[in-house]
Amino acid sequence: LEFRRVLFRSYRGTDKYLEIPEVPLSDFFKQTDQFLDNHSDAKVILQTDQLQTREAFIERYGTRLRFSNSLPVTSGKEAIHNIPSLVSDRNSFSMKLLAMTIALSNPNLLLTNTGNVGFFMALQRFAVGRPTIQIGQ
C-alpha cells in the first residue's frame, strides 16, 4: 500500500469505556467517509481489539478495508491482554503490538480515539508533522 493513499483507523474498545465515554462508530465512519470521498483510490487500515468493530468496517468499506489477523480481537468488554486464551504470551503480544504501532504510523492520515496505541502513534506522527485526528475525549 502507498501510505499517501491510506487512512489508518485505530479503535480501542473492550474496557476503554470504563475510562472515558464510548465514541459511536458513526463518528469514525463520518471522518473515514470524508477521507475516502477525497481520495477515491485510497484504502483504510483498521487496528482494533473489537471483533464487532472490525465487522462493521468490513460491511461498510468492503475491499477498501485492510486489517491484520496477527493481533487478537474479542467481542467482549475485557481487555485483550487480560484474556489468557487470546494472549498466552504477553511479551510476544507486546512486540507485535509495538511493531504494528510503529509500522502503521506513516499513512496519509491517522484517525484515532483515546488509548495507548493511538497516543503513541500520534506522538510518532507529530514528530514528523503528519496529520492526526482524535475523536472523543
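Predicted model: local features only at pLDDT ≥ 70, side-chain atom pairs only at ≥ 80, totals over all residues.
Strand 4 and strand 5 (residues 132-135) pair in the parallel sense, with four bridges between them. In outline, the protein has four helices and five strands, and along the sequence they follow the pattern β-α-β-α-β-α-β-α-β.

**Strand 4**
- Strand 4 spans residues 109-113, and five of its five residues are buried.
- Leu109, Leu111 and Asn113 point one way from strand 4, while Leu110 and Thr112 point the other way.

**Nonpolar cores**
- The largest nonpolar core has 14 residues, and those with the most contacts inside it are Phe28, Phe35, Leu36, Phe57, Tyr61, Leu65 and Ile135.
- Helix 1 (25-38), strand 2 (43-48), helix 2 and strand 4 each supply at least two residues of this core.
- The largest share comes from helix 1, which gives four residues.
- Leu65 is in contact with Val44, Leu46, Arg54, Phe57 and Ile58, leaving aside neighbours within four places in sequence.
- A second, separate core has 10 residues, including Leu71, Phe93, Met100 and Met121.
- As general background, nonpolar side chains tend to be buried together in soluble globular proteins.

**Arg54, a buried charge**
- Arg54 lies in helix 2 (residues 51-61).
- Arg54 is buried but has no salt bridge.
- The nearest side chain of opposite charge belongs to Glu55, at 7.9 Å, and a salt bridge needs a nitrogen-to-oxygen distance within 4 Å.
- A polar atom of the Arg54 side chain does lie 3.4 Å from the backbone oxygen of Ser68.
- Not counting residues up to four places away in sequence, Arg54 touches Leu46, Thr48, Leu65, Phe67, Ser68, Asn69, Leu71 and Val73.

**The salt bridge**
- A search of the whole structure finds one salt bridge.
- The side chains of Arg60 and Asp33 form a salt bridge, at 2.5 Å from N to O.
- Arg60 lies in helix 2 and Asp33 in helix 1, so the pair ties together parts that are 27 residues apart in sequence.
- Arg60 counts as partly exposed because its relative accessibility is 44%.
- Asp33 is also partly exposed, with a relative accessible area of 22%.

**Ser75 and its loop**
- Ser75 is found in the loop between strand 3 (65-67) and helix 3 (90-103).
- Ser75 counts as exposed because its relative accessibility is 53%, and the cut-off for exposed is over 50%.
- Exposed as Ser75 is, this residue still touches Gln50, Leu51 and Gln52, not counting residues up to four places away in sequence.
- Ser75 and Thr53 are 22 residues apart along the chain, and their C-alpha atoms are separated by 8.7 Å.

**The whole chain**
- The protein has 137 residues, of which 40% count as buried.
- Among contacts between residues at least 6 apart in sequence, 57% join residues at least 24 apart.

Terms used. Residues numbered from 1 in each chain as written. Heavy atoms only, no water. Buried < 20%, exposed > 50% of the residue type's maximum accessible area, 1.4 Å probe, protein only. Contact = heavy atoms within 4.5 Å. Pairing = 2+ DSSP bridges. Lys, Arg positive; Asp, Glu negative; His and termini not counted. Polar contact = N/O pair within 3.5 Å; in protein donor to acceptor, adjacent residues only side chain to side chain. Core = buried A, V, L, I, M, F, W, Y, C linked by side-chain atoms within 4.5 Å.
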